[in-house]
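The account starts with one residue and moves on to its partner.

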Amino acid sequence: MQDAGSRSPVYRGQFGPKQAERLLWRAGFGPRRGEAEALAKKGLNGAVKALTAPGRQRFSGPTPKDDKGRRLAPGDAWGHDHLWWLDRMVRGNRPLMERMTLVWHDWFATSNEGVGSQNLMLRQNRLFRRYWLGSFEHLLLAVTRDPAMLLWLSGTDNSKWSPNENYARELMELFTLGAGRGYTERDVREQARALTGFRNDWKQGIGPYRFRFDRERHDLGTKRVFGRRGRYDWRDACRLCLHHRNHPSFFVRKLWGYFIPTDPPRATQKALERRYVRGHYAVRPVVEAILKHPHLYEGPRMVKSPIVYTAGLLRAAGRGIDTESWTWLCANAGQQLFFPPNVSGWNDDRWLDTASYQARWDIAGRVTRTSTLDPNKVQAPLDADKLLERALHFWGSPPLSTGTRRALHAYTNRALATANSSWKKKSYPALIENSLRHLIAVSPDFQTS
């Protein structure tokens with residue numbers, strides 16, 4: 001039980017479909033048709049519990065396939081790892097688990113560009129999923145000895161004869177403390193010594209394998225880290241960071257930023273830090289508090305990353321993974337899974353620009369392509385209001401801002417006004433409805449949540 005000092009504010013306003021939809025976008029990948037309404041009936045506490053304790057893993061819909069209709073080969077074929085994970089986001093019933101796996105993938109950003117093994121990247125992905133709301137301490141220890149991370153940040157090149165500082169620096173700068181927050185260059189060097197000892201074998205046709213800790217390669221000497229002396233090893237290196245006075249504030253602020261685009265109020269920040277420390281570095285209580293916070297429901301909208309946007313469109317349209325195009329389309333939009341740009345992960349401030357927006361336009365068009373209305377087979381109404389409502393229904397009738405709705409309505413009226421002959425009156429409504437589906441998907445309302 002949390003004491004009063006570790007409590008953060010809880011949203012007390014109306015929790016209807018609109019609020020449930022935002023929660024599903026922030027803590028998952030948006031609603032399927034009818035999901036927001038169903039979740040709203042549970043109330044805020046019930047909705048959060050449904051996300052944090054989702055029950056047995058289930059997948060609904062057709063199994064994913066490539067362009068030739070074959071099963072995916074995520075460990076071998078280029079881009080199939082991306083498709084495999086995207087499928088879990090689209091068809092699975094544990095959206096928050098997949099969202100937290102994406103959070104950890106960005107937090108401990110590891111790229112197959114440097115690892116060179118899709119199977120090792122998939123193994124790391126399973127690790128993130130295993131610890132999704134568990135102990136951050138256990139997660140950090142597991143990541144530190146994870147083969148993909150050992151390759152990515154030179155862990156197996158770090159020995160007592162030649163210490164490598166790559167992981168030691170990022171352990172503090174990006175994973176636990178923040179740049180320049182309470183550590184020195186000497187701490188980096190000493191932490192690198194503590195982290196020595198990992199190695200692996202290599203074989204033609206297999207690549208790197210048999211990752212292990214070799215005590216003979218480890219520096220057994222005394223290290224001085226954060227002003228403390230000891231014969232520290234890799235486990236100590238992690239725990240020294242966790243017990244550092246600057247870790248809780250870093251952890252809370254970084255985790256908060258994945259769900260809410262504005263900084264946490266000072267009182268909330270402190271309350272969440274206390275909750276985190278008193279919970280022995282458990283992630284679940286902090287996430288639950290963030291998902292119930294008023295700022296999530298009353299604060300500004302948040303830009304969806306390309307993968308969240310794509311998965312959400314597929315879920316709303318009821319479409320599964322039936323083409324390999326989602327890999328290169330998401331890459332063009334700025335986010336290919338298993339390929340973050342660098343060890344600091346993706347830059348959330350750069351999701352929308354003139355280049356990436358074009359890719360989002362293409363994604364929306366590709367999602368709707370298989371459901372395009374044929375004007376020779378479908379008789380759509382010659383009515384602006386009805387066409388707009390039909391197009392919104394295709395996406396599950398999401399709420400639109402007054403400005404967006406007004407713009408779409410004006411566009412529809414202008415388009416219908418050009419239907420000045422009988423054949424146009426028959427064909428144009430279906431064509432306009434197709435375009436409305438696309439325009440809704442690329443509107444500001446759908447790019448943000």
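Arg193 has a relative accessible area of 18% and is therefore buried, where buried means under 20% relative accessible area, exposed over 50% and partly exposed in between (1.4 Å probe, protein chains only). The model is predicted: local features need pLDDT of at least 70, side-chain atom pairs count only at pLDDT 80 or more, and totals for chains, interfaces and linings use all residues. Residues are numbered from 1 along each chain as its sequence is written, and side-chain values use heavy atoms, with hydrogens and water left out.

The side chain of Arg193 meets that of Asp219 in a salt bridge, 2.7 Å from N to O; the term requires a side-chain nitrogen of Lys or Arg within 4 Å of a carboxyl oxygen of Asp or Glu. This pair links distant parts of the chain, 26 residues apart: Arg193 is in helix H11 (residues 185-194), and Asp219 is in the loop between strand E2 (207-213) and strand E3 (223-225). Helices (H or I, at least four residues) and strands (E, at least two) are DSSP runs, numbered from the N terminus. Asp219 is also buried, at 14% relative accessibility.

The whole structure contains 19 salt bridges. In one of them, Arg315 and Glu35 have their closest N and O atoms 2.9 Å apart. Arg315 lies in helix H17 (residues 306-317) and Glu35 in helix H2 (residues 35-40), so the pair ties together parts 280 residues apart in sequence. Arg315 is buried at 4% relative accessibility, whereas Glu35 is partly exposed at 25%.
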